[in-house]
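Look at the fold below, then follow the text from an annotated site to the sheet beside it.

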Amino acid sequence: MSKPFETEVAKTRTAVLHPDLRRADQRRAPEYALAEAVSLAHALPELEVVGEQVVPVPRPRPGYLFGPGKTDELADWIAAEQIALVIIDGPVTPVQQRNLEKAWKTKILDRTGLILEIFADRAQTREGVLQVDLAALSYQKTRLVRSWTHLERQRGGLGFVGGPGETQIEADRRALDERINQIRRALEKVVKTRGLHRQARAKVPYPIVALVGYTNAGKSTLFNRLTGADVMAKDMLFATLDPTMRQVELPSGQTVILSDTVGFISDLPTQLVAAFRATLEEVLDADLILHVRDIAHPDSAVQAQDVRDILESLGVAEERRNAMIEVWNKVDLLDEDGLSAAERAADRHARHLAISATTGRNLPELLNEIDAALRDPVSTEVVDLPLSAGEAAAWLHARKLVKSSDVSDLRLQLTVEWSRKQKAQFYKLHRDIIAVS
Ligand SMILES: Nc1nc2c(ncn2[C@@H]2O[C@H](COP(=O)(O)OP(=O)(O)OP(=O)(O)O)[C@@H](O)[C@H]2O)c(=O)[nH]1
Ligand SMILES: [Mg+2]
């Protein structure tokens, strides 16, 4: 017999708006940005997306973001669709948020708020929870509109409606600072304990191989496939939050520790990056980084650039970023032409592989590549050549080893990044030219 009172909890009717600010520097097409924002909304189980729109914003209005006509038009739509929450995929000032909430009689969440909500929903470990709380409180401090919904939720209820008023916030300000300091101290303690674990692990002479990449690229799927583990892999943004490590044996017999971790996304809130720094640093300390990409995604190149930017902002040295293995995942989703194009392109670059974590295509090759990369690390050096050594320089350029070049005193100085093997090959092939110089 069915139990009428135990049916699913009513979901919050949600609209997702992507304001198209038409900035000259915008990297991704608005439709893809909207699709990603909708995926983010789907990542919160209590939301039901009932509408989505790209809204052109030729001139952002300080008080409302959208123009007067557009604001009214959206108000009618929101009322007709009985929308209770509007997600605005972009930055919304506290004033805009307050005004729009009044005009539309809904709750509003901006992109940062949404991502923080998802992280709060995912956090499992004590460290994860503390990191998200720290990020949310730091963000709240910059806004002073009202308390964070996920913090309200801890006090019961979904938290999207209501929240303390402004005077309350003012009164809470000192409490906020105190709480932030408390969390910082608690985090330091957890990080220190983990540091001890890390030292213990450092005694185990296994190199660490870290998977990084845009959210939903397939890191956990690849991790499971390579380790036989059972980490949650889902078509859901930010399925993974806490890092997981597992031992894997490579074809050479070398044992490595593979590490799966949180995915990246464009405009990752700075507060989150700061809060997760300790977790990420451990991973980024790895002996080798695998950059996993969804090569079948229409925005794959932009996503890859976002990942590289975030790695750079986390302080991963250029040399290490260049030494990453690029794993072009999901080739099973490409058509025949796409597949052969991807495989040919991957072949042209050192340390690039086109794979499918689902079908297992090229996974043995990937393991071999990891083996080789760990045996043959990349280093940066300056090669000094006479101008007559054009052929030697061309050899380096053809292999994309040259990072910058300079000419002085009729000599060519090339800054190259290469493995020991490439270096040995270069000097063997061009010994004559270099010898006469
Ligand atoms: N077709 C296809 N789908 C894949 C492949 N690899 C992963 N997927 C799917 O892509 C989705 C995301 O995979 P995950 O492994 O959870 O991705 P992730 O990079 O760990 O994502 P986050 O933890 O959110 O950062 C899942 O639905 C997977 O089944 C692949 O090679 N081919
Ligand atoms: Mg994952």
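Where does UniProt place the feature "binding site"? The unreviewed entry puts it at Ser 220 and Thr 240; UniProt positions are given in the numbering used here, feature names are shortened, and annotations may be inferred rather than shown by experiment. The two span 21 residues in sequence, yet no two of their C-alpha atoms are more than 7.6 Å apart, so they gather at one spot. This is a predicted model, in which local features need pLDDT of at least 70 and side-chain atom pairs count only at pLDDT 80 or more, while totals for chains, interfaces and linings use all residues. Residues are numbered from 1 along each chain as its sequence is written, and chains are lettered from A and ligands numbered from 1 in the order in which they are written.

Ser 220 lies in helix 8 (helices are DSSP runs of H or I, at least four residues, and strands runs of E, at least two, numbered from the N terminus). Ser 220 counts as buried because it has 24 C-beta neighbours inside 10 Å (buried is 20 or more other C-beta atoms within 10 Å, exposed 12 or fewer, partly exposed in between, with C-beta atoms placed from the backbone). Thr 240, in the loop between helix 8 and strand 6, is also buried, with 21 such atoms. Ser 220 touches Thr 240 and Asp 260, among others (contact means C-beta atoms, placed from the backbone, within 7 Å).

The open sheet has six strands in the order 6-7-5-8-9-10, with mixed pairing (two strands pair if DSSP finds at least two bridges between them). Strand 6 (244-249) and strand 10 (352-354) are its edges. Strand 5 and strand 8 pair in the parallel sense over five bridges.

Definitions and conventions
Contact = placed C-beta atoms within 7 Å. Lists of a residue's contacts leave out its neighbours within four places in sequence.
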